[in-house]
Amino acid sequence: MDINSVIAANYSENEFPACMDQTRRWSVNRPLEGLTVLDVTPIFRNTLVKHRALIAAGARLIVGRSSMIPCDEKIVRLLSDNGIRVVDSSEGQAGEVDFVMDCAGAFNHWKPKVGYVELTKSGVSRYEGCDRPVFVADSGRIKKIETSFGTGESYFRAMKQLGYSLPAESKIVIFGSGKVGTGLLAYASRNGLKPTVVTMPETVNGTTRSLADEIVDCNEIERVAAVVADAFAVVTATGVAGALSHPVLVEALEKSGAVIANMGVEDEFGPGMPAERVLEGKKPLNFILEEPTHLKYIDATMALHNEGAIHLLEHPEAEGLIDPPAEMEEKLLNITCERGVIGDEIREYI
C-alpha cells in the first residue's frame, strides 16, 4: 500500500490541517527541491503526514530510527516498500545530507550541510558547542498542544490498553510539572483522581496549584518516598535521566504497590531501578500504542519541525540554538484552530 492510501484510510484532513497545508503549498513552490533531509520523528502511522509534506517540498527523504525511540515496524516496512531509505542511529553517516531533523539528539553525530532541527528539549544538551545552527521546535508555544493535551491523554489510553483502570479518588503521583506533567495532571483531575505532583517548587504555576491535591518538593526525599508508598499509580515526566535515582526513593518505589510508568524519553529512574518494576521496561508508556499521540494533537508540532528546515534554509546567517519565530507559530496555530478538529479545545490555552 502507498503512503497516500494509508493516510486517506485512517485520517480526515481536519485531524492534520497544518501538515496538509504544507503539502498543498509545497507541492507548488517546492522549497526543498533537490535537498536531502534526514527525518528522525518517531516512526508511527501518523508520522506519514509529516513525511508526505517533506516529499511534496521536493526533499530527498531519509528516515532515521534509534534504539532509544520506539517505532512501529509495520510503518518502517511501509516506508521501505515505498522507496524511502530507513537508517539506524548506530550506523555511520553514509553520504551528504542538508538537514538533520532530529529527535532527542539521536543523530547529532551526523553532520548536515545546512543545520539541525531538534524536536525535543531533551535533545538540546547533545548540541552544546555545535558548529551548525539548531532550530529547537520544542522551545515555542506549539509543543504544548502535543505534550499537555496529547501526551496526558495517551498515558490513560495506554494504561487502559494494558488493562489498568484508575478508579476515581485513587492517588496518582506525578513527577514533573512541565508540559507533559501538566498534561498528566489535567487528565488525572478530569478523571476524578487525587494527583500529587512532585516537582521543584519554583516551577509550580497556577494550573498546577489549582489541579493538584498535593504538591511535594522533589528535594525532600523522605517525604517523596512517603507519598509513593501508598500511591495507586506513579508516572514520571521530568525529562531528566536518573531524576528518581536516589536510593531511598528507588527502595520506596520498589516496595510500593503502585503501578509505575515513565512518560519521558529518558530513563528517569536510573540503573538502580529494575526495568521489570516499571511498565514496558521504563520505555515511554504511550509508545505501546499504535498512535502514541493522536494525530490531531501532534500535527502542529510536526509541521513546526518541518518549517524549521525552511527557516534555516532562508537564514544562512543563523547560528546557535534558535527558537521558533512567533509569526511562524502564530500561522500554524491559526490553521490548527480554524481548520482543525481540536480548535475549540486548545484555543484558550495557547
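Trainee: In which sense do strand β7 and strand β10 pair, and over how many bridges?
Mentor: Parallel, over four bridges, with β7 covering residues 171-175 and β10 residues 233-236. Two strands pair if DSSP finds at least two bridges between them. Strands (E, at least two residues) and helices (H or I, at least four) are DSSP runs numbered from the N terminus.

Trainee: What is the bridge partner of I172 in β10?
Mentor: A233. Before going on: this is a predicted model, in which local features need pLDDT of at least 70 and side-chain atom pairs count only at pLDDT 80 or more, while totals for chains, interfaces and linings use all residues. Residues are numbered from 1 along each chain as its sequence is written, and side-chain values use heavy atoms, with hydrogens and water left out.

Trainee: What is the strand order in the open sheet?
Mentor: β9-β8-β7-β10-β11, five strands with parallel pairing. β9 (214-217) and β11 (259-262) each have a single partner strand, so one side of each has no neighbour in the sheet. Direction ignored, neighbouring strands are turned by 20° against each other on average.

Trainee: Which strands does helix α6 touch?
Mentor: β7, β8 (194-199) and β10. Contact here means heavy atoms within 4.5 Å. The direction of α6 (residues 179-190) makes about 165° with that of β7; such angles run from 0 to 180 degrees between N-to-C directions, and axes are lines fitted to C-alpha atoms, for helices over the stretch in contact. Helix α8 (residues 221-229) also packs on the sheet, touching β7, β8, β9 and β10, at about 140° to the direction of β9.

Trainee: Now the core. Which residues have the most contacts inside the largest nonpolar core?
Mentor: L32 and Y155, in a core of 76 residues. A nonpolar core is a set of buried Ala, Val, Leu, Ile, Met, Phe, Trp, Tyr and Cys residues joined through side-chain atoms within 4.5 Å. Buried means under 20% relative accessible area, exposed over 50%, and partly exposed in between, with a 1.4 Å probe and protein chains only. Helix α10 (residues 295-314) gives the most to this core, 10 residues.

Trainee: What is Y155 in contact with?
Mentor: Leaving out neighbours within four places in sequence, L166, I172, L184, A233, V235, A261, M263 and L285. Another core of 20 residues lies apart from the largest one, and V216, V227, L249 and L253 are among its members.

Trainee: Back to α10. Is T301 buried or exposed?
Mentor: Buried, with a relative accessible area of 2%. T301 sits in helix α10 and touches L119, I142, K143 and E146, not counting residues up to four places away in sequence.

Trainee: Different topic. At what angle do α1 and α3 pack?
Mentor: About 135°, with the axes 10 Å apart; α1 is residues 3-10 and α3 residues 48-56. That makes α1 oblique to α3. Under 35 degrees counts as roughly parallel, over 145 as roughly antiparallel, 65 to 115 as roughly perpendicular and the rest as oblique. In α1, I3, N4, V6 and I7 meet L48, V49 and R52 of α3.

Trainee: And how far apart are the axes of α2 and α11?
Mentor: 8 Å, with a packing angle of about 115° between α2 and helix α11 (residues 326-339). That makes α2 roughly perpendicular to α11. From α2, P17, A18, D21 and R25 meet K331, L332, I335, T336 and R339 in α11.

Trainee: Last one. Where is L35 found?
Mentor: In the loop between α2 (17-29) and β1 (36-39). L35 is buried, at 17% relative accessible area. Beyond residues up to four places away in sequence, L35 touches G58, A59, R60, D98, F99 and L313. R60 is also the bridge partner of T36 in β2.
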